Amino acid sequence: MDRHNAPMALSIDLTGLGFRPDPNAAEPLYVQLAAALSEAIRDGRIPIGARLPSERLYAKALGVSRTTVTSAYQELTAMGLMRGHVGRGAIVIADDPDRTPAGAIAWSQLAARLVQAAPSTGDAIDSGRISFADGWLHSSLIPHAALAACAATAARDPMLVNQAAPLLGLPGLQAALIDTLRTNGVKSTPGELLITGGAQQGLNVVARALISPGDAVVCESPTWYGAVRAFRAAGADVVSVAMDHEGIDPDALEDALVRVRPKFVYLIPSYQCPTGRLLSLQRRRRILAICTRLRTPILESHVYGDISFGEKVPSLKSLDSAGLVLHQGSASKTISPALRLGWLVAPRAAMDLLAPAKASLDLSTPALMQAVLAGFLNSGAYARHLPKYREQLRARRDALIGALATHCPELRYARPQGGLYLWAQLPKLLPAQELEAAAAAAGVLVRSGDSFLANGANSSHIRLCFAAPALEEIGGGVQRLGKALRSLLQRHRNSAARDSAFASV
């Protein structure tokens, strides 16, 4: 059917759903609304192809803020239940209603819970918006010329063009990584090193190798949501342990290990995602002692370990004398997001489990890409790139902190000593999801802290990635964020005043 001659979607009156917002409930209003609408879509009370009311009109009808409806609609979009069409508003979808024949399978409604709950990662390429949302590197941080030279060299090698790499990895890259790791105090051999298709695949490999349904995994809270998804997809019960300003609390970790007896602990000790916190050497030694005594393996994500703005702290793997640490690294956070390569360093006995798990995901990590990284390491390009990269990121961090002081004085945060992220606490009782939605409407993208909480709780923090925007965009992006923050705070104050006036009547 010609898109321009497609029938208009039928507007639907949602007043008959019986939804009543409950400000005293534990869930935010937008979560309540999204749940009510998704249930009505799934059971057919809101038909596929229906056009939902405008955010302004629906908010007025419900007696809630427009931000609440905007956030609820964004939740429906993330679930695959709604899509915005220019000139037609928000449409309930099975797939694209313009090209899905009658009676076709509504694939979006078959989505697994893990997919429905996954945060959207497509906003980073949204033109016109400044993004602090996702952990990708801005193009100005990437060593294009050196990578291009390495890629050209690799492409001229007929062996690389014609053959797949061995399961554990290209021997040339293994050798280069072993040398690089040795400079950071991590010793390994080719039989103890597995090349993966990015750090995320490394998490999936470990999950598939070690987790059976019903097993427990302990992690920091908050933590990287990709890890939580990988562990839960394998059937794990993810148990969170709270952090303080220094990172995970060793006493709380020990209590959790004794209580749940997990298969392993997942930690990001250096410049943690999302908080940017650095675990002290003293705590690292204590955690190793606890896990050694309780015979609990540690999966150490060291993907930000080289991005230090000061003195580096040794990795857990370099301090491990008991052979209990699985060490994970990545090229995409230090070189380029297009270089989707990671690695796992593990004792040989553990590698006997990891290798078959990797083979069940794919039989070979792309040889050409591995050769590019091997050339980048062997040529000295990485050693030359890293100091400049750190200084560029330090400048971005300082620009972000300066802009926050000017435009967002209501936020509270610690100055990160490395990595890519700043973790900001919002004013009391302001939901992070609401600020994320309000900021997006103002033209700036941030990541709500809710995404990083494995227990599904609501967060009062946002994560800002200072590596994602151009340096000159940071001030303008924070200015937009400040306007959204103040507008949202004013709406909350007005709402509280109305509630107080109503209660006194």
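Me: Does Ala40 count as buried or exposed?
Reply: Ala40 counts as buried, at 1% relative accessibility. Buried means under 20% relative accessible area, exposed over 50%, and partly exposed in between, with a 1.4 Å probe and protein chains only. The model is predicted: local features need pLDDT of at least 70, side-chain atom pairs count only at pLDDT 80 or more, and totals for chains, interfaces and linings use all residues. Residues are numbered from 1 along each chain as its sequence is written, and side-chain values use heavy atoms, with hydrogens and water left out.

Me: Where is the place of Ala40, and which residues does Ala40 touch?
Reply: Ala40 sits in helix α1, residues 29-42. Helices (H or I, at least four residues) and strands (E, at least two) are DSSP runs, numbered from the N terminus. Contact means heavy atoms within 4.5 Å. Not counting residues up to four places away in sequence, Ala40 touches Leu17, Arg45 and Ile46. With Leu17 the separation is 23 residues in sequence, and 7.7 Å in space from C-alpha to C-alpha.

Me: How many helices and strands are in the protein chain?
Reply: The protein chain has 17 helices and 16 strands. It holds 505 residues, and 50% of them count as buried. Of the contacts between residues at least 6 apart in sequence, 73% join residues at least 24 apart. The accessible surface is about 22600 Å², with 55% of that belonging to carbon and sulfur atoms. Such areas come from the Shrake-Rupley method with a 1.4 Å probe; for residues, only the protein chains shown count as cover.

Me: At what angle do helix α2 and helix α3 pack?
Reply: Two packed helices are described by the angle between their axes and by the distance between those axes. Axes are lines fitted to C-alpha atoms, for helices over the stretch in contact, and angles run from 0 to 180 degrees between N-to-C directions. Here α2 (residues 55-62) and α3 (residues 66-78) pack at about 120°, their axes 8 Å apart. On the α2 side are Glu55, Arg56, Tyr58 and Ala59, and these meet Arg66, Val69, Thr70 and Tyr73 of α3. The residues of this contact divide into four nonpolar, one polar and three charged. Ala, Val, Leu, Ile, Met, Phe, Trp, Tyr, Cys and Pro count as nonpolar, Asp, Glu, Lys and Arg as charged, and the others, Gly among them, as polar.

Me: At roughly what angle do helix α8 and helix α13 cross?
Reply: α8 (residues 199-210) and α13 (residues 348-361) cross at roughly 115°, and their axes come within 8 Å. Residues making the contact include Val205, Val206 and Leu210 of α8, and Leu353, Leu354 and Leu361 of α13. By class, the contact has eight nonpolar, three polar and two charged residues.

Me: What order do the strands of the open sheet of eight have?
Reply: Strands of a sheet pair through backbone hydrogen bonds, either parallel or antiparallel. Two strands pair if DSSP finds at least two bridges between them. The order here is β4-β11-β10-β9-β8-β5-β6-β7, with mixed pairing. β4 (193-196) and β7 (247-248) are at the edges with a single partner strand each, so one side of each has no neighbour in the sheet.

Me: In what sense does β10 pair with β9 and with β11?
Reply: Strand β9 (residues 298-301) and strand β10 (residues 325-330) are parallel, over four bridges, and Glu300 stands opposite His327 in β10. β10 and β11 are antiparallel, also over four bridges, with His327 opposite Val345 in β11. β4 joins β11 by four bridges and runs antiparallel to it; Thr196 stands opposite Gly342 there.

Me: Which residues point one way from strand β11?
Reply: In a regular strand the side chains alternate between the two faces of the sheet. From β11 (residues 342-345), Gly342 and Leu344 point one way, Trp343 and Val345 the other, and all are buried.

Me: Where does Ser315 lie, and which residues is Ser315 in contact with?
Reply: Ser315 is in the loop between β9 and α12 (316-319), and is buried at a relative accessible area of 3%. Leaving aside neighbours within four places in sequence, Ser315 is in contact with Val186, Arg284, Glu300, His302 and His327.

Me: How many residues of helix α16 are buried?
Reply: Nine of the 10 residues of α16 (residues 432-441) are buried, so the helix is largely enclosed by the rest of the structure. Among them are Gln433, Glu434 and Glu436. Just after α16, Gly443 takes a positive phi of about 95°.
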